[in-house]
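Colleague: I would like to learn how to read the charged side chains of a model. Could we go through one case together, step by step?

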Amino acid sequence: MALSLYVDTNRWRMHQKSVTDQFPGLVPVCKGNGYGFGHERLAEEATRFGSDMLAVGTTYEAARIKDWFSGDLLVLTPFRRGEEPVPLPDRVIRSVSSVDGVHALVGARVVIECMSTMKRHGVSEQDLARLTTAIEDVRLEGFALHLPLDRTDGSDAVEEVITWMDRLRSARLPLHTMFVSHLRAEELAKLRHQFPQTRFRARIGTRLWLGDHDSTEYRGSVLDVTRVAKGDRFGYRQQKAASDGWLVVVAGGTSHGVGLEAPKALHGMMPRAKGVARAGLATVNRNLSPFVWAGKQRWFAEPPHMQVSILFVPADAQEPRVGDELVAHLRHTTTQFDRIVER
């Protein structure tokens, strides 16, 4: 009895192939919880489709994944002086976002991140003159641009990359490789046409692993079903049942990521109105669970426990049975499954 991730493996791999075909030379990204699949599984998939490089989030992730992937590992979190040293092989490449960081990594393989309109981290245009001498002491693998997902000001992603290419060229810095994030295939093609001497490599995670939503599905097993009448008390807080129905104990709790939700950027009146409605219901202990039964998303009877959730299913619905599985709409990047089932 478990929270299971079902994977239509053939379909999932067909989607991977469609992405790798659109983005030749892409660098697959495997960070966080491995996009819900785990580091080891994604390392195996990257090896299977022949990637020579895998991007990871941190040096700690690199230390784990190095035993599962034999190619180069690109650490996306920039190096900082004073960080805890982690023993890593020479095939690990560090991202650097400052001239000081380049000076501190003498002899290392590095990718230098440029400050994009994301304004998260990166060297500035004013830093480029000092980079010319700094890179003499490192093995430069290329430059990188991490671009925003949305462009509400109408700006153009290709133009932003071109601007940085011109800046780097004017500073007489090597332009053999540029790593980019969040570009469409046609945008990348434009850049390759304009700069044929530069190898553009797209770093892709979400689109590669999670781009085909129908290839994966979470399901939680029903562990217990208890009938309750209106007014019956239940649970840790001994709340009263609002009506007749069933308390359904299903696999999947906070340790799996159930009930955890990342903030979302809302655009437009309808999403904002729904957010206000959800917040209002939560104040009276009405929280919609991610679990679906009989075609409807069901309410939590009370906040999820560590490894299970208790749902309320009203009496007018079909009674769940122990061993049934409920589809769960969960965010891959915050979910930890008990088992994976290949279909």
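This is a predicted model: local features need pLDDT of at least 70, side-chain atom pairs count only at pLDDT 80 or more; totals for chains, interfaces and linings use all residues.

Colleague: How many salt bridges does a search of the whole structure find?

Modeller: Side chains of opposite charge can pair when their charged atoms come close. Here the search of the whole structure finds 25 salt bridges, and the mean positions of the 45 positive and 41 negative charges of the protein chain are 3 Å apart.

Colleague: Where do Arg41 and Glu45 lie, and are they buried or exposed?

Modeller: Both lie in helix α2 (residues 39-48), four residues apart, about one turn of the helix, and their closest N and O atoms are 3.0 Å apart. Arg41 is buried because its relative accessible area is 13%, under the 20% cut-off, and Glu45 is buried with 1%. The two also belong to a network of salt bridges that links them with Arg13, Arg48 and Glu342.

Colleague: Which parts does the salt bridge between Arg109 and Glu141 tie together?

Modeller: In that salt bridge the closest N and O atoms are 2.8 Å apart. Arg109 lies in strand β6 and Glu141 in strand β7, so the pair ties together parts that are 32 residues apart in sequence. Arg109 counts as buried at 12% relative accessibility, whereas Glu141 counts as partly exposed at 23%.

Definitions and conventions
Residues are numbered from 1 along each chain as its sequence is written. Side-chain values use heavy atoms; hydrogens and water are left out. Lys and Arg count as positive and Asp and Glu as negative; His and the chain ends are not counted. The place of a charge is taken as NZ of Lys, CZ of Arg, CG of Asp or CD of Glu. A salt bridge is a side-chain nitrogen of Lys or Arg within 4 Å of a carboxyl oxygen of Asp or Glu. Helices (H or I, at least four residues) and strands (E, at least two) are DSSP runs, numbered from the N terminus. Buried means under 20% relative accessible area, exposed over 50%, partly exposed in between (1.4 Å probe, protein chains only).
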